[in-house]
Amino acid sequence: MKLFVYALREFDEKPYFDDWCRRLGVEYAYSTEYPHMNNLELARGYDAISFTPCDMGADKVTGFCQMGVKYLACRS
């Protein structure tokens, strides 16, 4: 599985993503920015995205779907 993480907090979340993705064999990349229409392309080629609570309107969900993203997970 390939995971793209939006709004990752490097100071506290990144060590957990590094550890668990390594343990589970998940390839991941991230951005410290929230998802918006100008950075949706970062998730192209990924199976899933993870994000913190934010505006995830139909335009973003549709955009991710059109790129082949199958799973949207909110970290809260």
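In which sense do strand S3 (residues 48-51) and strand S4 (residues 71-74) pair? The two strands pair in the parallel sense, over four bridges, where pairing requires that DSSP finds at least two bridges between the strands. This is a predicted model, in which local features need pLDDT of at least 70 and side-chain atom pairs count only at pLDDT 80 or more, while totals for chains, interfaces and linings use all residues. Residues are numbered from 1 along each chain as its sequence is written, and side-chain values use heavy atoms, with hydrogens and water left out.

Within this pairing, Ser-50 has Ala-73 of S4 as its bridge partner. Together with helix H2 (residues 58-66), S3 and S4 make a right-handed β-α-β unit; helices (H or I, at least four residues) and strands (E, at least two) are DSSP runs, numbered from the N terminus, and right-handed means that, with the strands pointing away from the viewer, the path from the first strand over the helix to the second runs clockwise.

The structure also holds nine salt bridges, each defined as a side-chain nitrogen of Lys or Arg within 4 Å of a carboxyl oxygen of Asp or Glu. One of them joins Asp-55 to Lys-60, with the closest N and O atoms 3.9 Å apart; Asp-55 is exposed at 57% relative accessible area, whereas Lys-60 is buried at 8% (buried is under 20%, exposed over 50%, partly exposed in between, with a 1.4 Å probe and protein chains only). Arg-9 and Asp-12 meet at 2.8 Å, N to O, and both Arg-9, at 37%, and Asp-12, at 27%, are partly exposed. Asp-19, Arg-22 and Arg-23 are linked in a network of salt bridges.
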